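Q: Please give me a close look at one part of this model. Start with the chain that it packs against.

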Amino acid sequence: MRQWFAHGLRGRRSGIVLLLVLLALWEFSARLEWLPAMSWPRMSAVAATLGQLIASGELLSELGASLWRMALGYALGVLLGVIVGVLMGSFRAIYNLLEPITEILRPIPSPAYVPIAILFLGIDDEMKIFMIAFSAFFPVLLNTYSGVRAVDPVLLQTAKTFGVRGARLVRQVVLPAAAPYIFTGMRVSLAVALIVMVISEMVAASNGIGYFVLAAQRGFKVREMFAGVITLAAVGYGLNWLFLLIEQRVLAWHHGYSAQHRD
Amino acid sequence: MSAAAYIELSGVKKTWNAQGRLTTALAGIDLVIEKGAFVSIVGPSGCGKSTLLQIMAGLVPSSDGLVRLHGQPVREPPRDMIYVFQQYTRSLFPWKNVQRNVAYGLESRGGLSAADIAERTAQTIAKVKLQGFENHYPWQLSGGMQQRVAIARALACAPDVLLMDEPFSSVDALTRVGLQQLLLDLWQSLGLTVIFVTHDVDEAIYLSTRVVALSRPPAHVGLDLTIALDHPRDAILTREHVHYLDYRHRLLAQLFADEGIASGAVHS
């Protein structure tokens, strides 16, 4: 993490400069009215609106509603993905049973399920949580399955020689050994969950950040709309940062181990 | 079953089904091993000596025949028997440090308090001379040290029998001598029974009270030698002993004849 941070400051200096240049370009293009002022407000005006929205608490309450749904859906999707992935990785019969259906369901883009989900679950939180869980499920499932298949048989035999079997074997050996794979899946799912959260809120909602952005656009509150999008960028960045922080802690052994084995 | 029998193999057979073709790896092995023995199993590579050890450990089922420990049939890994794998880099848990790896076997047994586990773990780590490395991860240690962690993890459970599958084959020559010495010391001081698979005839004679040579597959016991050399063994002098050289001669003659390698050996 520290390495990444130092790298982020020094190695990515050019990237940060580019970001600042683009923000300046936004400001000047809006001041010079290269684009219609109605749909292209000044960066400084958007920043001021963002500040007001944060100060009034409006943005945070919308964000809170969204993050709550996302956290619940994501946790559900990850949990089920790990459970089914371990079962598919451990039992050939379960793999044979579930592999065809996952291969058919997985490639369908998650937003396509939204109309179906509305039909059965309505337009309230249940639908959104289901959509987020459903789309977070598959990346975790597939990576967990691969991780379980990749557990070194010597580790499993070692545990067996100490009399460890069944659920204890899964908890003590299979899950830690597959953890690097599981985390890869969870990271993909995190990005997917954010996308599906926004989409489901745009389709049908009365609160949440996705609803806020769409409602602002429809009400010609363009500065609010941009403020909402910038908030989403910050949330996505923040969530990924938090995820990496946790991953670095949990998988510290794996980073050391793979660095050792690259030599 | 004779009075001295501790581990008894009767007619142990192993056949593999490879692409519809039945191949016999072990043709029917009979062995009686007494408590406290140090028995090495040697043989050409692919003769099934590791398979035989895994059958004895209850990790792999035999196709026919029976293994008994204390007269009880072995069908799954018995508590008194611990298997030490050849691939120490793969058998240590990379997410556990040395302390937690060594404690793993004890924790898996249950019935011990955390304080007891900590105490026995510390004692065992001292036995294999790894004090000061408790908080290191396996991948931060050299190969020889990693194998000592694996041995400590096995010994912490206070087993009666250690089954070792070429445990020193991937460490350098000097480290190997050190590990051999350590193993002999532990065998003597703890009263262990050791079954040791190796492809190295010198290592087998140097360590053992008995060496069993398997033939090429379908394998049977080709030669069964009692090694009547005094303990403690000496890393240099034992290997120059006239009896040592005689055992070496007979074992190599057996293995070479089996492989069809010409030599000047006098068959005895």
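Among contacts in chain B between residues at least 6 apart in sequence, what percentage join residues at least 24 apart? Then, which residues of helix H8 of chain A are buried, and what do they pack against?

A: This is a predicted model, so local features need pLDDT of at least 70 and side-chain atom pairs count only at pLDDT 80 or more, while totals for chains, interfaces and linings use all residues. Residues are numbered from 1 along each chain as its sequence is written, and chains are lettered from A and ligands numbered from 1 in the order in which they are written.

Chain B comes first. The percentage is 68%. Here a contact means that two C-beta atoms, placed from the backbone, lie within 7 Å. Chain B has eight helices and ten strands. These are DSSP runs numbered from the N terminus: helices are H or I with at least four residues, strands are E with at least two. Of the 268 residues in chain B, 41% are buried. Buried means 20 or more other C-beta atoms within 10 Å of the residue's own, with C-beta atoms placed from the backbone; 12 or fewer is exposed, and anything in between is partly exposed. The C-alpha trace of chain B spans about 55 × 45 × 40 Å along its principal axes.

Now chain A. Its domain assignment gives domain 1 (1-40) and domain 2 (58-262). Such bounds come from an automatic or database assignment. Over C-alpha atoms, the centres of the two domains of chain A are 30 Å apart.

H8(A) covers residues 153-161. Its buried residues include Leu155(A), Thr158(A), Ala159(A) and Thr161(A). They cover an arc of only 160° around the axis, which puts them on the same side of H8(A). That arc is taken from the directions that run from the helix axis to the C-beta atoms.

What does that side meet? In chain A, the buried residues pack against helix H9 (166-203). In chain B, they pack against helix H1 (49-57), strand E6 (81-84) and helix H2 (88-91). After H8(A) comes Gly163(A), with a positive phi near 80°.
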